[in-house]
Amino acid sequence: VLAFYISRGFNKTGLGSRIAYHFMALLGKKSLGLGYGLVATALVLAPAIPSNTARAGGVVFPILRSVAEVYGSRPGDGTAKRMGAFLTVAAFQGTVITGAMFLTGMAANPLAVELAGAQGVEISWVGWAVAALVPGILSLILVPWVIYRLFPPEILETPEATDLARQHLKELGPMSRAEWVMLAAFVLLLVLWILAGPLGVHVTTTALLGLVLLLITGVLTWSDVLSEKGAWDTLVWFSALVMMASFLTELGLIPWFSETVGLWFGGVGWVGAFLGLSLIFFYSHYFFASNTAHVSAMYAPFLGVALAVGAPPLLAALTLTFFNNLSSSMTHYSTGPAPVLFGAGYVEVGDWWRLGLVVSFVNLAVWLGVGGVWWRVLGLW
């Protein structure tokens with residue numbers, strides 16, 4: 001909830017847009033570079049903006065649309081594939097992956113952490129980020145390239161995009177006091193979250209410190225806090241969901257479900273059983289229109305079954321949280337940014353689903369293959 005308030009500062013001060021324009025100016029000479037620039041923006045903002053809708057819809061999409069229109073690419077008039085369609089899919093998939101890379105990268109992630117904690121598995125901010133680092137970066141490199149090969153824009157060279165970015169940066173002028181304070185608060189948050197263990201500072205205390213800093217300096221006002229609907233929505237829903245999930249464990253439903261389903265995988269071994277569970281969990285997201293709904297309905301019982309079949313606890317808990325994010329790559333209703341970006345009209349539903357399925361294969365190969373090796377190095381299994 002506190003991170004929602006802090007993320008409001010990125011939009012209010014314009015720091016989020018400034019970051020995006022800097023990446024455009026650096027990488028925007030080719031359309032693939034523009035795609036990477038949008039993905040890089042999502043990556044930088046993900047640790048402190050827990051709303052993937054706010055990142056994609058509030059920061060990335062307005063810039064994406066302005067670039068597409070510079071090249072005469074608009075939805076509905078036959079020009080969408082000149083530029084806008086490719087950038088839309090690349091930006092969406094980048095948002096999905098970056099949401100998986102940080103505990104604070106997507107609103108449902110802390111809920112998953114709480115549900116894991118109820119079953120005795122503790123996940124730290126640093127532990128999450130380190131485990132996701134290698135597969136996450138590799139996915140961010142591979143996925144835009146795969147989209148570019150399968151769904152290329154008609155315009156491949158985009159020298160005007162760097163000029164557009166520099167023009168916007170010129171219009172923004174030098175960084176304001178509010179932007180500097182926002183940047184300092186962002187760096188402070190990252191440092192304290194990373195050093196939470198050695199310093200003994202709870203991650204929530206760090207977030208509260210960041211919010212207080214923004215309020216004292218006037219970057220945010222109390223009206224900003226009151227009007228941040230996403231934070232209050234999260235507070236009300238998550239408090240009830242965590243309470244109910246805790247009682248499901250306390251009253252014996254989760255242990256019963258875990259034991260019953262665990263018997264189905266008897267004799268398979270924990271590796272095969274956990275892979276099967278993970279894939280079922282992943283592709284069941286076709287039936288969900290929200291990451292939070294997916295976590296609420298399936299995370300606790302599937303984690304319980306994974307533990308019952310002998311999967312290493314932290315590996316199981318993290319893999320399911322990663323997959324909850326990555327599985328939202330597949331449909332145009334899967335998570336908050338999906339209807340925002342799909343609704344712009346640049347991409348046909350058939351293309352969205354086709355590319356989403358391909359990207360799901362790429363992400364699974366990366367996170368189970370390279371990620372599995374990385375997690376072995378980290379001692380998770």
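Where does S328 lie? S328 is found in the loop that links helix 17 (313-326) to helix 18 (337-342), helices being DSSP runs of H or I with at least four residues, numbered from the N terminus. The model is a predicted one, in which local features need pLDDT of at least 70 and side-chain atom pairs count only at pLDDT 80 or more, while totals for chains, interfaces and linings use all residues. Residues are numbered from 1 along each chain as its sequence is written, and side-chain values use heavy atoms, with hydrogens and water left out.

With a relative accessible area of 2%, S328 is buried (under 20% relative accessible area, with exposed over 50% and partly exposed in between; 1.4 Å probe, protein chains only). Its side chain reaches the backbone oxygen of N325 at 2.5 Å. Leaving aside neighbours within four places in sequence, S328 is in contact (heavy atoms within 4.5 Å) with F92, V96, H285, N291, S334 and T335.

Turning to the overall fold, the protein has 19 helices and zero strands. Its radius of gyration, taken over C-alpha atoms, is 21 Å, close to the 21 Å that the globule rule gives for 381 residues, so the protein is as compact as a globular protein of that length; the rule is 2.2 Å times the number of residues to the power 0.38. The C-alpha trace spans about 60 × 50 × 35 Å along its principal axes. Of the 381 residues, 53% count as buried. Among contacts between residues at least 6 apart in sequence, 78% join residues at least 24 apart.

In soluble globular proteins, nonpolar side chains tend to be buried together. Here the largest nonpolar core has 120 residues, and F10, Y299, F322 and W367 have the most contacts inside it. Such a core is a set of buried Ala, Val, Leu, Ile, Met, Phe, Trp, Tyr and Cys residues joined through side-chain atoms within 4.5 Å. Helix 5 (residues 84-101) gives the most to this core, with 11 residues. Beyond four places in sequence, F10 touches L15, G16, I19, L45, A48, I49, M182 and F186.

V89 lies in helix 5 and counts as buried at 4% relative accessibility. With residues up to four places away not counted, V89 touches I147, F151, V347 and L355.

Aromatic residues complete the picture. F282, Y283, Y286, F323, Y333 and W353 form one aromatic cluster, where rings of Phe, Tyr and Trp (its six-membered ring) pair if their centres lie within 6.5 Å.

Methods:
Phe/Tyr/Trp six-rings, centres within 6.5 Å; stacked < 30°, edge-to-face > 60°. Helix = DSSP H or I, 4+ residues; strand = E, 2+ residues; numbered from the N terminus. Polar contact = N/O pair within 3.5 Å; in protein donor to acceptor, adjacent residues only side chain to side chain.
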